[in-house]
Amino acid sequence: MNRCVLLRMAASLFMRIRAVLVAALLPVLLCGCVDSVTPGGIDPPAFDTKLSALKIDREYFRDEYGRYVLLNGVNVGGTNKLPVTPAPDEDPRKEPISFVGRPFPLDEADLWFDRIAKYGFNSIRLVIPWEAVEHGGRGIYDKEYLFYIEAIVAKAQEHDIYVLMNFHENLFSRFLYTRFNRNPELGEEGSIENMLGALLPDSKTLKYGGVITGDGAPRWAVEACLPHKNIDAPNWGSSHFLGNLGILSNLIAVVNAVDKLTGLTGGEEDEGGDGSGETGPSLEDFLQDLLKKMMKSDPPMLPYEITETCDVFPFTSWWDNTLFSYDINRCYGAFFAGDAVMPSLNKFESGGKTWEMDIKEYLQGGYAGAWAQVAKRAGKYPNVIGYDLINEPPGGFLMLAILTLYFQADFDLGVIEDFLVSLAGTETGQIVYQLLQVLNVLPLMPSKADMPQYMARYGTEFKAWLAEDPDVCADEADDAAKTECQQVAFVKQRIRKSYGADDIDLFGVLDLNLSFVVNLVELYDVVSQAIRGEDPDAVIWLEPGSGALDALVGGTFGDVSLWKPESIDEMVYTPHWYPDIYPFLGFNAGPREFTVEEWADVEFLTDLAGPLPAVLETFGEVPVVYGEFGTYFNYNGIENSVASNYAVSAEILNNYYEAFETLNLGRMLWCFSKDNTHENGDLWNYEDFSIIGPDHEPRAELAWMRPYGRALSGRPVATYFNSDYHHYDPKKGEPDPWREFYLSFESKETDAPTEVFVPDCQYPDGFYVWLSDGWATFDSVNRILYYHPTRDDPGHVHEVTLRPPMEGAQRTGWAYFFRDGQVVVGDRH
Amino acid sequence: MKTLTGTLVLVAAVFGPALSEASAQETPSTIGNGSSASVLPPGLVKKSSLPRQVDFTLELANLFVIRNDGDFDRSDPTYGKYGQPEGFLATFLHPYLGVRLAEQLRFFYETEIGMDLWSEKNPDVWLGLEDSRGLSIKQREIWGELTLNNWYVKAGFQRMLDSTGLFVNHWIGAVRAGYGLPGESRIVASFGQFPDQTHEGWTWGQTFGDFRTDVLLSALDGTWVFGEMLALDCGAYYVRDGSRVDMLRQVGAAAMALRARGGAWDASLGVVTQFGRGERSAEGGAAGAGAGGADAGSAGGTTGGQVDPPPYDASDAGIFGWAAEARASGRFSIVTLKGGLAAMSADDAFEGNDALGFLWSGKRGSRSLLLSENETRDIGDNVDEKMGTFDGWFYEMRTGLMSADLGLYVDPLKWLTVGAVTEVMAAVNPDNALGNRFAGWESELLVDLHLLEGAFQVQLVGGMLVPGGAASAYVNAIDVDATDTMFFGQTAVLMYF
């Protein structure tokens, strides 16, 4: 057949099949040669990533697609405890007060929430002091702040972040504080002299430079529970140690007593008392000079009454004030059970109004009203996951009990000693008793030698007092005895008055100590009703309290069980837990010193799992989310910590997260504070917990910025991640499962994909994905792996495993390899 | 590689117990001449008196394969017991049996006994054990065919190809009914089922009694022959894949191949397009209009003044793909040139939308050993398959494929052929290959000795494959970026009986 014939045949054939050809080629013309659609090759996911509201289903959170949501959150933030105005270095009492801008200004919210989301957090615990809402007076709300908070919640929603609203407090109020010297001029660091020096201002400038403070309640609440005190006094915030006459002998006595108690004689050969080892002014001389300066200053810094300051100690371990501060105990006692503890306090002035009711109702009503205002605004937002009614409610009223007993026992120290021994056993009771004496907690009568000086100072007051009741000590035999008796009686009543002792009902205090949980539940009932009045679907998050007995005998904070008030429909149990990382008891105590090895193999699982059986028994199947956990970032001193890349902190955080992964518990890390500095930490009490440092970069992130399944299509079964701080049991010939992430869950209950957060810092060179079934996409911008399981037969367990490329490790059988926005698809199942 | 049909000898022991039960009193007849004597027990089959012809062929292949590495990365694994080089010595036996009854009825059986790795051979291993690599039987084809006038029916487990061989080129169970048109043209309708085990297991009533979760194929194709030089194959195909519960995948394809040949040349051009839908296989979103939040569509409920967003609804994925392959060969005196071009569509880099990568069978016409299927013996590790995503039946070519291959063969002697083959392969969408487009360049030299009219062959091949990042991304087990050259050799001793 020749060529022409062939061509004619071909043409004829083409004419016959051209329609078929066009139909066959049309998809070719339409599809073309496909190249990347977007830079980097990845289309944004078509899945609607917008955050959906959560519902509680037994011990799980479930979103509106039916997925099981794990809350991986962070507390925002440590600096929220302090207002923007006054500034942290100003007088805390200065007006005006505003918390607008805590945690960050609204115009920076996008930046910070973007960071928080990029770090993998899907939730925050928003720290809100009561004072921020209601500082102007009872029932007077800071509308600007409420607007700000609502805007913050809205911003969080834009960034797909859930918000837990938390009324935060520590040591009751910011108005209960004490100043101290961060650079004492006495003794070596850690010595008793050094601690003593912390109570004294700088000898040249007479400035302190440091403050230990509480947070939470507004000023009017403090004034209500401490009516015998003058918050406006010039020396408010000065150490109550220094105010009394006989201060010098007090101070010397303290040094000697502590020395005897602890055997610590820092600088014992330093007769100069300044730690230099050189002979110089004696301690007594130094103190003498300084005290003179303080007395001669304008206004005088000495002397002052106990009513002109509060008895907060500048403990670096500030929480010890819940044990040792009578004032703080009074305020908590008034708040939780003021109707029984202080029945005589029933009239108050606040915000230009007079309130006539018992103090418990006064305070709790104000508190609940403030919460209602917050709920009124927050309840509109589906990303609000609940209300954490009060932070770490302390149930120990030891000092309130001791001092009340002391006063009622007519200043008999023996009664106190017996009480403590009967409470805590001989050894512990004796230690506490001696500590109370050393700390000058129990107001002592002036000695006979000091009495003339005392009476010279308060002579006019004595006369006035005597004129009101001239029959005092009428039974004394002679005038001298009568005068002495009257003076003693005067001093005792004066001391009692200066402590507001007559307000306190001893039995009310004892009852509070023994059954604090009843009062706590009552508070929860009151507040939750107020919240649900504005947000009927509110989920209430309950924290446990700690009982006095627990605190005294070394129990774990949060051991006391609660029960759920009837007004609460849905609840979450939200304990806190920290290991023994705290500074030792003392003033200006430095951070702890640890080695990595000390924390490398410590398991936290036992402690974190500890409350779970009791929770189940008490509340049934409810979600448990650890509302706080975390670590300092300044172990061994901030310079050493930075130099080691926060190695100890990372080990501790890793221990936490491994336990949380094993238990599959939600958690909120303490904390995220953009105002963190090396010198002042998170600004409040110099705590340095923030996961971002002064440069706003994450710290020890390889420990906490971990892959996790944040929304699962089926019920969670197991998960783990082997970070760089995981300690492997090496096997010969097998590469360590370094940075291996595993997630499994039961048969899929929704078509919505499982979401896994995959941080870039853990997988800078990309990551392989193994799937039991189904397929996946990866949003490389937001670092979310969307896994679509396909098998839905009962009993099937879906598994996702991630591993990085690793020298020596052969990766086979994988479904995907993702890197730099690109994907290689292996075999699907 | 096709076998030659040779002399007819029946080896009874190979074909199972039925035949081994042949009566001791009966003697085998001379096969193939229509003798009335039978080796089968009386009553076993309804034997007709029509003449019977039996064709039997054995292909015996002894292979030696060696490569300097299994991938393109010289990195040592943590435990490198086996070292980097890979290879094997093995024997394969490939029997083919055809029985024709008169001119109308034909039976065909093809199986493969092996791979009999010399290093794994254990004479004590029972046949059929899953873990045994010493000796195993792999079914290939078992079918019967009836031809009556212009009609024919073929039923059984058989090899099916679409018009191009790019989409369907599988061994499946099928029934095919065809009608012969004038000349050698024909039109055929087919229905078949891909071998599959669903996760429901083997229990009767779950798998056997329920076709919903099976993978079914139906096809209508045909061949039109125009004279001696031109032929057109075209067809329409439909695959219904129900293996994933509630995720039915349906793929239709239109394929066409034009074949032409002359005295010393032949050429073909095949094109296939695919279109279909995979239910609930793409990223979805909130069901109904709108997304979540307060402004969700009306499908949701209400809670305290807020509108609940409607539940998630998975989306269907469209399936669109195409492929084309052109091949040609020409003989000029003692020199033969064979070459081809191939292309397949690629998908974009996002899994959650329409699937645009071509679904293919894993078999191309290229002569290369590593970039495409090894024609001597399919070892299953060809790079083009590894770059595809295998779902149990098809390879989804998300990277796409572009290739060009050329083979030059010289027959200096009647019994000797020397040649060289080269192929270049590339990805169409580099985003699915870590940004790399180049997949590899393979070159090999071969020597083929063939004696006894091809009944005995010795093939020697040596070559190298210079990989590109596109191949490394899929092949390498440790360092996905390494592109170390692979050197390989293969020796095959082939005998045909």
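Author: In this predicted model, strand 26 and strand 27 of chain A form a hairpin, with two residues between the strands. Asp820(A) lies in the turn and has a positive phi of about 50°. Strand 26 covers residues 816-819, and its pairing with strand 27 is antiparallel, over four bridges. One of these joins Tyr816(A) to its bridge partner in strand 27, Val825(A).

The side chains of strand 27, which spans residues 822-825, may be considered next. Gln822(A) and Val824(A) point one way from the strand, whereas Val823(A) and Val825(A) point the other way. All four of these residues are buried; Val825(A), the partner of Tyr816(A), is therefore a residue with 20 or more other C-beta atoms within 10 Å of its own.

As to the division of the chain, domain 3 of chain A comprises residues 706-829. Domain 2 of chain A is formed by 446-498, and domain 1 of chain A by 70-176, 214-244, 303-443 and 500-700. The centres of domain 1 and domain 2 of chain A, taken over C-alpha atoms, are 41 Å apart. Nine residues of domain 1 of chain A and five residues of domain 2 of chain A take part in the contact. On the side belonging to domain 1 of chain A, the residues that touch domain 2 of chain A are five nonpolar, two polar and two charged.

Chain B, for its part, has 497 residues, 36% of them buried, and contains three helices and 23 strands.

How values were computed. Residues are numbered from 1 along each chain as its sequence is written. Chains are lettered from A and ligands numbered from 1 in the order in which they are written. This is a predicted model: local features need pLDDT of at least 70, side-chain atom pairs count only at pLDDT 80 or more; totals for chains, interfaces and linings use all residues. A residue is buried if 20 or more other C-beta atoms lie within 10 Å of its own, exposed if 12 or fewer, and partly exposed in between; C-beta atoms are placed from the backbone. Domain bounds come from an automatic or database domain assignment. Two residues are in contact if their C-beta atoms, placed from the backbone, lie within 7 Å. Ala, Val, Leu, Ile, Met, Phe, Trp, Tyr, Cys and Pro count as nonpolar, Asp, Glu, Lys and Arg as charged, and the others, Gly among them, as polar. Two strands pair if DSSP finds at least two bridges between them.
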